[in-house]
Amino acid sequence: MSSLYVVPSLQIEGRHNLQSSSKPISTLRTEFNSPIELQQLHSLFVKTATPLSILPLSRVASVCALTPFFTYAQQIFQQLDRSEIFMWNCCLRDFAESDSPFDAILLFYQLRSHNICPDSFTCSFVLKACVQLLDLSHGRIIHGFIEKLGLQLNLVLQNVIVHLYASCGEISDAILLFDKMPQRDVVTWNTMITQLLKRGDTDSAYNFFVQMPERNVRSWTAMVSGFAQCGKPKEAIDLFTKMEEVGLKPNEVTVVAVLAACADLGALDLGSRIHEYSKKTGFYKNIQICNTLIDMYIKCGCLQAAHDVFESMKERTIVSWSTMIQGLAIYGKAEEALELFSKMIQTGMKPNGVTFISLLNACTHMGLVNEGHAFFTSMTKDYGVIPSIEHYGCMVDLLSRGGLLQEAHEFIKCMPIKPNAAIWGALLGGCKLHKNVEMAEIAMRQLQDLNILNDGYYVVLANIYSEAKQWENAAKLRKLMRNKGLKKTLGWSSVTVKGVVHEFVAGDDSHPQSEDIFKMWDKLLVHMKLRGYVPNTSVILLDMEEEEKEKFLFRHSEKLALVFGLMNTPPGETIRIFKNLRVCEDCHASLKVISEIVNREIIVRDRNRFHCFKDGSCSCRDYW
DNA sequence: ATAGGGTTAG
């Protein structure tokens with residue numbers, strides 16, 4: 001329940017001693033925070049013959065709603081000969097948009113109990129409150145009232161009702177209502193599309209999008225952002241391109257949505273073009289756009305460009321800072337991430353939970369165990385941020401990768417939240433790095449108890465067994481995987497050449513230039529070996545002859561993508577590679593050597609972080 | 001003087 005006498009979100013600081021006020025009427029203050037203060041003000045108005053009309057009436061409604069002074073407010077409205085329902089509607093709108101939208105529902109019932117007849121505006125605000133609360137049980141009651149009041153043909157109300165049912169999970173009801181509507185406008189269609197996309201149903205959403213009689217910028221934007229959020233950045237970008245082709249101008253929201261898709265896909269070309277467009281249109285002043293640009297550049301492997309955008313911003317939000325800190329973290333620039341955090345604190349910006357995840361990530365990626373511990377303590381003590389399961393996950397990751405597997409296990413046992421798969425997965429990952437079969441089995445048992453069907457965990461344990469030459473255990477595990485219907489996620493790597501993305505999978509010989517790629521690899525291999533490269537076949541899961549292992553090893557997708565990139569770009573140009581899984585140790589070692597041989601910078605984004613290979617070493621300093 | 005649809009960081 002809400003506060004009864006003080007209106008939230010509209011509070012005015014300080015109390016006014018109205019009794020001793022001797023100011024002239026024209027400067028009379030009309031602020032009040034409670035019905036009592038309103039009454040005092042009211043009597044002062046009567047004494048000084050001040051017209052009641054200068055009272056802020058929606059404030060009267062807010063202060064008196066949901067209190068025994070309801071009828072008192074009613075009397076004021078009636079004296080003023082204004083539409084009473086209008087005043088209550090303003091109040092309902094404020095309640096629906098406040099932190100406690102349920103107040104709007106309560107006020108609606110209060111209006112009913114005083115026999116005040118709601119109009120369509122009243123209903124729209126109460127429905128909005130229901131949408132905010134995802135409260136379909138009250139929503140159905142309001143829906144019933146709307147029919148009783150004869151307002152069911154109002155298109156705006158119909159649209160909100162469809163929105164309400166869909167957002168409360170009753171999508172089939174929403175579709176039924178949609179089908180029965182005698183008329184629909186673009187908002188109706190956009191609502192359906194957005195709600196379908198929220199549920200991840202891109203196919204149905206796209207069907208609606210294609211069928212709708214006319215599409216505006218918001219229709220296109222909804223579809224672009226929906227594709228991006230459903231993990232279909234390619235589709236998002238294709239649609240964005242089509243939108244431009246039909247001559248519609250992307251607005252700020254479209255730009256944010258498509259930049260998110262560029263970030264996901266690593267589409268640097270389009271991302272930079274949008275950057276230029278944002279400068280031209282003045283969108284560049286928009287903080288959210290800059291925040292998304294920073295994220296896009298980071299995820300496309302352009303830390304410097306991200307930093308330039310960050311520096312150019314006149315105003316920043318916590319998102320700007322956290323994004324930049326996270327960016328430095330995944331590039332392995334822990335010191336700079338920590339420095340940026342100090343700078344942020346100096347400007348008076350308050351860190352939130354995400355900021356600390358970024359900081360803990362920074363520590364993890366560089367093995368700063370003590371610093372990470374200190375931040376974990378400080379976040380609650382100094383900044384009042386309560387750790388969530390993600391923060392515990394970061395800590396387990398930090399300790400495990402730091403080789404403190406026992407400590408990590410103790411930490412998990414002591415944490416006040418039930419550990420989830422990410423927590424045990426982090427421990428398992430540490431066991432792989434530090435070759436600890438026993439602890440890995442402990443973690444795996446927990447993952448199995450949680451009934452997590454994720455092939456990644458099984459593959460990691462199988463790798464741990466293989467590296468320890470426990471071939472039988474590795475085989476058993478693969479059998480277990482098959483029984484559970486799990487398949488190893490196929491690894492792929494991509495590289496962009498002249499704006500075209502080329503994808504490779506391990507062992508790939510389907511590419512038209514395959515022959516040349518293999519030939520060039522063999523040539524490189526000679527130079528690599530001269531510089532001390534020794535193939536690390538321990539990363540091969542299966543037990544087979546060394547020579548055979550090497551064949552597999554040399555056809556890893558990141559190697560193919562790299563060689564293709566080297567063949568098709570001018571000397572000296574930076575190569576950017578994306579990989580859906582983590583880079584294997586042998587590829588990591590190879591890329592280091594190759595960066596020196598060909599004298600190029602090679603930037604690899606794997607599922608965890610960035611590796612920037614240059615002059616024979618990697619930015620991760622082999623800690624990952 | 002009051003209504004409905006699209007957006008960023010882990």
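## Briefing: chain A and DNA strand B

In the hairpin of β1 and β2, two residues sit between the strands, and Lys498 there takes a positive phi near 50°. Helices (H or I, at least four residues) and strands (E, at least two) are DSSP runs, numbered from the N terminus. This is a predicted model, where local features need pLDDT of at least 70 and side-chain atom pairs count only at pLDDT 80 or more, while totals for chains, interfaces and linings use all residues. Residues are numbered from 1 along each chain as its sequence is written, chains are lettered from A and ligands numbered from 1 in the order in which they are written, and side-chain values use heavy atoms, with hydrogens and water left out.

**The sheet**

- Strand β1 (residues 492-497) pairs with β2 in the antiparallel sense over six bridges; two strands count as paired if DSSP finds at least two bridges between them.
- Across that pairing, Trp492 stands opposite Val505 in β2.
- The whole sheet is open, with six strands in the order β2-β1-β3-β4-β5-β6 and mixed pairing.
- β2 (500-505) and β6 (617-618) are the edge strands, each with a single partner, so one side of each has no neighbour in the sheet.
- Strands β3 (residues 575-579) and β4 (residues 602-605) run parallel and are joined by four bridges.
- Ile575 has Ile602 as its bridge partner in β4.

**Domains**

- Chain A is split into domain 1 (410-489) and domain 2 (492-618), with bounds that come from an automatic or database domain assignment.
- Nine residues from domain 1 and ten residues from domain 2 make up the contact, where contact means heavy atoms within 4.5 Å.
- Taken over C-alpha atoms, the centres of domain 1 and domain 2 are 27 Å apart.

**DNA strand B**

- There are 44 residues around DNA strand B, and Arg82, Asn159, Asn190, Asn216 and Asn251 come nearest; a residue is near a strand if one of its heavy atoms lies within 4 Å of it.
- Of the DNA strand B atoms that come within 4 Å of the protein, 37% belong to sugar and phosphate.
- The residues of this surface divide into 14 nonpolar, 23 polar and seven charged; Ala, Val, Leu, Ile, Met, Phe, Trp, Tyr, Cys and Pro count as nonpolar, Asp, Glu, Lys and Arg as charged, and the others, Gly among them, as polar.
- The side chain of Gln229 puts an N or O atom 2.6 Å from a phosphate oxygen of DNA strand B.
- For Ser225, a side-chain N or O atom is 3.4 Å from a phosphate oxygen of DNA strand B.
- Thr323 has a polar side-chain atom 3.3 Å from a sugar or linking oxygen of DNA strand B.

- Residues 185-215 are 74% helix and 0% strand, and the end C-alpha atoms lie 10 Å apart.
- Residues 216-250 are 74% helix and 0% strand, with end C-alpha atoms 10 Å apart.

**Around Cys168**

- Cys168 is in the loop between α8 (155-167) and α9 (171-180).
- Neighbours within four places in sequence aside, Cys168 is in contact with Leu134, Asp135 and Leu136.

Terms used
A polar contact is a pair of N or O atoms within 3.5 Å; within protein, one must be able to donate a hydrogen and the other to accept it, and residues adjacent in sequence count only if both atoms are side-chain atoms.
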